[in-house]
Amino acid sequence: MISNDPGLIDRLDAALIELLAVEPRVGVLEASRRLGVARGTVQARLDRMRDRGVITGYGPEVDPAALGYEVTAFITLEIRQAGGHDPVAERLAVIPEVLEVHTITGVGDMLCRVVARSNADLQRVLDAIVSAEGVVRSATLISLAAQVPYRILPLVRAAAERGQNIT
């Protein structure tokens with residue numbers, strides 16, 4: 001059963017998300033067959049999770065390294081407070097190698113995940129980032145290996161288990 005709480009999903013929702021994560025091109029009819037529920041149930045669940053923002057897309061996952069961007073780095077930025085975060089984020093968003101930008105607490109004001117073709121290319125990306133108006137200082141960490149790559153399914157499973165305890 002789905003709760004009205006937007007953060008809750010149940011085991012069927014989790015199974016549907018997992019199926020789509022493993023086989024993104026599976027159709028609604030095939031998903032209903034594999035999950036043992038009606039086609040309309042699958043479609044309604046998908047629509048509800050999309051409307052609630054649980055499912056945010058159906059696009060392919062792309063590995064930057066397969067595109068030639070083999071270096072991943074995390075950059076902490078200190079920004080000028082007068083202009084705020086939004087103008088800096090907008091300037092960073094036009095740099096294709098900037099994959100994510102987060103406003104953070106602690107040391108620094110923003111955290112960026114970037115990719116580059118090489119360490120030398122990373123210098124070019126860094127130069128573009130620090131030249132963005134509002135950026136005062138940067139500190140860069142180069143990722144040597146992704147020990148736990150980005151993942152979401154364990155969180156989906158945990159959310160479904162938590163949702164089962166609420167009626």
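Me: Is E97 buried or exposed?
Reply: Buried: E97 has a relative accessible area of 7%, and the cut-off for that label is under 20%. Keep in mind that this is a predicted model.

Me: What does the E97 side chain meet?
Reply: The side chain of R124, in a salt bridge at 2.7 Å, N to O. That pair links distant parts of the chain, with R124 in helix α5 (residues 119–130) and E97 in the loop between α4 and β2, 27 residues apart.

Me: And R124, how accessible is that one?
Reply: R124 comes out at 42% relative accessibility, so it counts as partly exposed.

Me: How many salt bridges are there by this rule?
Reply: The count comes to 14. One of the others joins R113 and E100, at 2.8 Å from N to O. It also ties distant parts of the chain together: R113 sits in strand β3 and E100 in strand β2, 13 residues apart. R113 is partly exposed at 30% relative accessibility, and E100 is partly exposed at 32%.

Me: Which residues are linked in a network of salt bridges?
Reply: E23, E30, R33 and R34.

Me: OK, the sheet. What's the strand order?
Reply: β2-β3-β1-β4, four strands in an open sheet with antiparallel pairing. β2 (98–103) and β4 are at the edges with a single partner strand each, so one side of each has no neighbour in the sheet. On average, neighbouring strands are turned by 20 degrees against each other, ignoring direction.

Me: How many bridges does β1 make with β3, and how many with β4?
Reply: Seven with β3 (residues 110–116), and eight with β4 (residues 135–143). Both pairings are antiparallel.

Me: Which residues of β1 are on the covered face?
Reply: V71, A73, I75, L77 and I79 are on the covered face of β1 (residues 71–79), while T72, F74, T76 and E78 make up the uncovered one. In a regular strand, side chains alternate between the two faces of the sheet.

Me: Which strands does α4 lie across?
Reply: Helix α4 (residues 85–93) lies across β1, β2, β3 and β4, and runs at about 5 degrees to β3.

Me: Switching to α3. How far apart are its end C-alpha atoms?
Reply: They are 18 Å apart, which agrees with the 18 Å that the 13 residues of α3 (residues 39–51) should span at 1.5 Å a residue.

Me: Which α3 residues are buried?
Reply: V42, R45, L46 and M49. They cover an arc of only 100 degrees around the axis, which puts them on the same side of α3.

Me: What do those buried residues pack against?
Reply: Against α1 (11–22) and α2 (28–35).

Me: What about D47, what does its side chain meet?
Reply: D47 forms a salt bridge with R50, 3.3 Å from N to O. The two are three residues apart in α3, so about one helical turn separates them. D47 is partly exposed at 26% relative accessibility, and R50 is partly exposed as well, with a relative accessible area of 42%.

Me: Last one: which residue just after α3 takes a positive phi?
Reply: G53, with a phi of about 85 degrees.

Notes. Residues numbered from 1 in each chain as written. Predicted model: local features only at pLDDT ≥ 70, side-chain atom pairs only at ≥ 80, totals over all residues. Heavy atoms only, no water. Expected span 1.5 Å × (residues − 1). Buried < 20%, exposed > 50% of the residue type's maximum accessible area, 1.4 Å probe, protein only. Arc of directions from axis to C-beta. Contact = heavy atoms within 4.5 Å. Pairing = 2+ DSSP bridges. Axes fitted to C-alpha atoms, helices over the stretch in contact; angles between N-to-C directions. Salt bridge = Lys/Arg side-chain N within 4 Å of Asp/Glu carboxyl O.
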